[in-house]
Amino acid sequence: MQAEYTARLEARRRTLADRERTHVRMSRLRLAIAAAGVVMLFAGGAPWVPWLLVPLAAFLIAAAVHARVLDARDRARSAVAFYERGLARLRHEWMGQGSRGDQYAPAGHPYAEDLDLFGCGSLFELLSSARTRAGEDTLAAWLLAPAPPTEVRDRQAAVRELAPMLDLREAVAVLGDGIRIGVDAPTLRGWAASQVSLGRPAVRLVLAALATITAALLGWWLVADPPPVLVVRAAVILLGVHGLIGLWYRARVQDVLHAVDPASRDLELLTGLLHRIETATFTSPRLRALQAELGGRARPASAEIARLAQLVALLRSRRNVLFALPAALVLWTTQVAHGIEAWRRRAGPHVARWLAVSGEFEALTSMAAFAAEHPDYAFPEVVASEAGPATDEEDGDRTTAWTDHGPASASTASPASRQAAPMIEVEGLAHVLLPDTAVPNDVALGADAPHLLIVSGSNMSGKSTFLRALGVAVVLAQAGAPVRATRFRCTPLAVGASIRIQDSLQDGRSRFFAEITRLKQVVDLARTRRGGALFLLDEILAGTNSHDRRHGAEALLRGLIALGAIGLATTHDLALGEIVHHPDVRAANVHFEDAFVDGVLRFDYRLRPGLVRTSNALELMRSIGLEV
């Protein structure tokens with residue numbers, strides 16, 4: 001993909017340079033034509049006035065051609081930016097260059113902040129290539145809430161189909177104005193669904209007829225010498241009628257103007273996006289369903305949005321100084337406002353659906369670009385909850401022995417005596433936000449594997465990153481995207497995390513209180529989603545004394561497992577590792593190691609079974625000059 005991006009980038013740069021040269025030549029040509037017209041006027045005098053139509057026509061033609069050149073130049077510039085951003089992602093130089101999505105980070109969400117979903121260098125910034133607000137809204141919603149397995153499979157099929165469609169993704173990327181996000185979806189959706197404020201369609205026809213008659217009479221008045229008295233009187237009367245009509249509709253027309261102006265920004269971008277969805281050839285059911293949502297009417301969705309864009313352009317033309325007086329004489333603003341309201345009456349009820357289609361398509365193309373740029377990432381298998389080993393109360397013949405190396409033997413319980421249990425199986429897992437040098441690890445939770453992993457290790461050994469890697473992978477899996485692993489299989493899971501906990505001076509909360517509040521949220525999640533929750537707990541209860549920490553942490557973990565949840569908990573308190581010997585907890589110890597070599601602390605980030613046997617805290621303190 002890097003070679004393809006590089007080749008296309010060079011081609012688009014050459015195109016951009018060519019368009020810039022053409023732009024300069026067209027500017028000079030228009031200046032020359034204007035200068036020729038001025039020379040003809042002053043040198044030839046009155047007899048040459050009719051001939052000024054020639055340079056005027058040439059100037060208008062040159063202006064039209066120049067506008068096309070400028071549009072092509074802007075598209076080439078956007079294409080250059082598109083491939084530059086793609087190469088930045090491949091080189092892991094993308095942080096701080098894309099849309100951060102800070103507005104989507106909800107307070108109190110069970111994992112958004114802990115897993116770095118939004119913000120600078122976030123998962124959202126890595127994924128999002130959306131051009132519209134609807135696209136960003138949809139992608140953020142998918143990251144914040146898991147989809148059911150059938151939905152995940154439909155999205156995966158669509159992502160797989162879109163991944164090789166680089167031309168389509170480029171065509172969407174060059175729509176509109178550079179890389180700016182356009183189309184305020186909530187505003188447009190709200191305006192389209194609101195009540196129509198102007199009269200019936202027949203009123204629009206009457207206004208058009210009056211304007212036509214008035215314009216004809218005014219034209220007769222201007223060309224006739226002398227104009228007939230009846231024509232003058234009729235024109236004056238109609239102008240008076242126009243004034244009364246304008247006053248009658250003034251308040252409602254102003255309401256239309258104030259409502260449509262913010263709602264109608266960047267409609268050309270939405271038109272182009274919908275047109276590409278309508279005209280592309282797709283085979284996956286999800287993409288074909290999106291196309292079907294845009295059809296079924298006399299006019300396709302893109303044509304309807306294009307019509308609204310034309311009406312808004314006509315409305316804004318009243319601001320032209322040369323056109324302002326003629327527009328006022330024929331009730332231009334009132335007539336166009338009626339046209340906009342007629343459009344809203346006809347197409348407004350469908351706008352919310354069209355925006356939803358465009359948003360979903362952009363979310364899918366964002367994940368498709370991610371898949372195309374990482375062909376070695378695995379598409380997860382999200383399956384229905386499997387039957388896990390029965391509890392002691394349910395089956396007295398359970399023979400599973402849980403050790404630091406996992407299960408020593410399988411349960412002898414029959415399928416009928418088992419209850420649904422969550423499960424994760426991952427091979428080659430690494431954090432998607434880390435560079436290519438990240439060390440992969442395998443992990444299995446639930447079913448016949450441990451339901452709880454106690455992760456120990458020294459500072460900076462990779463414990464927290466490992467928790468985040470697994471959490472982000474589960475989020476991506478249930479959004480329909482590929483994950484950074486060679487194999488990934490899981491049941492539907494609600495994620496609850498306590499990794500990045502901070503105190504709050506404004507709220508008067510200590511770190512410990514903030515942590516136990518989050519832990520309560522995790523427990524409530526496990527209770528609500530019994531048999532379908534994943535917990536990720538980092539340095540559990542680190543803000544209290546060792547006695548309370550040990551007993552509180554063990555009780556909390558036992559409670560989560562009893563509720564049918566699976567998860568990981570990191571700790572520096574090795575005594576917590578003794579929980580694996582508890583008969584009611586299917587748990588195992590794993591750890592990350594480190595070593596001081598020639599005064600340098602080194603990590604290999606490999607997950608190993610058992611408790612960690614080394615500690616680097618004192619050596620690390622000595623290495624920076626602290627006397628301990």
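Me: Let's begin with E11 and strand E12: how do they pair?
Reply: E11 and strand E12 (residues 566-571) are parallel, with four bridges between them. Keep in mind that this is a predicted model.

Me: Ok. Which residue of E12 stands opposite Leu534?
Reply: That's Ile566 in E12.

Me: And E10 with E11, how many bridges there?
Reply: Five, and E10 and E11 run parallel. Ser498 is the residue standing opposite Leu537 in E11.

Me: Is strand E11 enclosed or open, and why?
Reply: Largely enclosed by the rest of the structure, because five of the five residues in strand E11 (residues 533-537) are buried.

Me: Which residues go on which side of E11?
Reply: Ala533, Phe535 and Leu537 sit on one side, Leu534 and Leu536 on the other, and all of them are buried, so both faces are covered. As background, side chains in a regular strand alternate between the two faces of the sheet.

Me: Switching to packing. How many residues are in the largest nonpolar core, and which have the most contacts inside it?
Reply: It has 104 residues, and Leu117, Phe361, Ile424 and Leu536 have the most contacts inside it. Helix H14 (residues 332-373) gives the most to this core, with 16 residues.

Me: What else is there apart from that core?
Reply: Another core of 24 residues lies apart from it, and Leu452, Ile454, Ala553 and Leu560 are among its members.

Me: Back to Ile424. What does it touch?
Reply: Leaving out residues up to four places away in sequence, Ile424 touches a list including Val443, Ala444, Leu445, Leu470, Val474, Phe488 and Cys490.

Me: What about the open sheet, which strands and in what order?
Reply: Four strands, ordered E1-E9-E6-E7, with mixed pairing. Strand E1 (381-382) and strand E7 (441-446) are the edges, each pairing on one side only.

Me: How do E6 and E9 run?
Reply: Antiparallel: four bridges join strand E6 (residues 423-429) to strand E9 (residues 487-490). In that pairing, Glu425 stands opposite Arg489 in E9.

Me: Which helix lies across those strands?
Reply: Helix H15 (residues 463-479) lies across E1, E6, E7 and E9, and runs at about 110° to E6.

Me: Now charges. How many salt bridges?
Reply: The count is 35. One of them joins Asp116 and Arg500, at 2.8 Å from N to O. That pair links distant parts of the chain, 384 residues apart: Asp116 is in the loop between helix H2 (53-90) and helix H3 (123-127), and Arg500 is in the loop between strand E10 (494-498) and helix H16 (511-528).

Me: Are Asp116 and Arg500 buried or partly exposed?
Reply: Partly exposed: Asp116 has 23% relative accessibility, and Arg500 has 28%.

Me: What about Asp74 and Arg73?
Reply: They form a salt bridge too, with the closest N and O atoms 3.5 Å apart. Asp74 is partly exposed at 34%, whereas Arg73 is buried at 14%.

Me: And where do Glu10 and Arg13 sit?
Reply: In helix H1 (residues 2-44), three residues apart, so about one helical turn separates them.

Me: Last one: which residues make up the salt-bridge network?
Reply: Glu4, Arg8, Arg12, Asp167 and Glu170 are linked in it.

Definitions and conventions: Residues are numbered from 1 along each chain as its sequence is written. This is a predicted model: local features need pLDDT of at least 70, side-chain atom pairs count only at pLDDT 80 or more; totals for chains, interfaces and linings use all residues. Side-chain values use heavy atoms; hydrogens and water are left out. A nonpolar core is a set of buried Ala, Val, Leu, Ile, Met, Phe, Trp, Tyr and Cys residues joined through side-chain atoms within 4.5 Å. Buried means under 20% relative accessible area, exposed over 50%, partly exposed in between (1.4 Å probe, protein chains only). Helices (H or I, at least four residues) and strands (E, at least two) are DSSP runs, numbered from the N terminus. Contact means heavy atoms within 4.5 Å. Two strands pair if DSSP finds at least two bridges between them. Axes are lines fitted to C-alpha atoms, for helices over the stretch in contact, and angles run from 0 to 180 degrees between N-to-C directions. A salt bridge is a side-chain nitrogen of Lys or Arg within 4 Å of a carboxyl oxygen of Asp or Glu.
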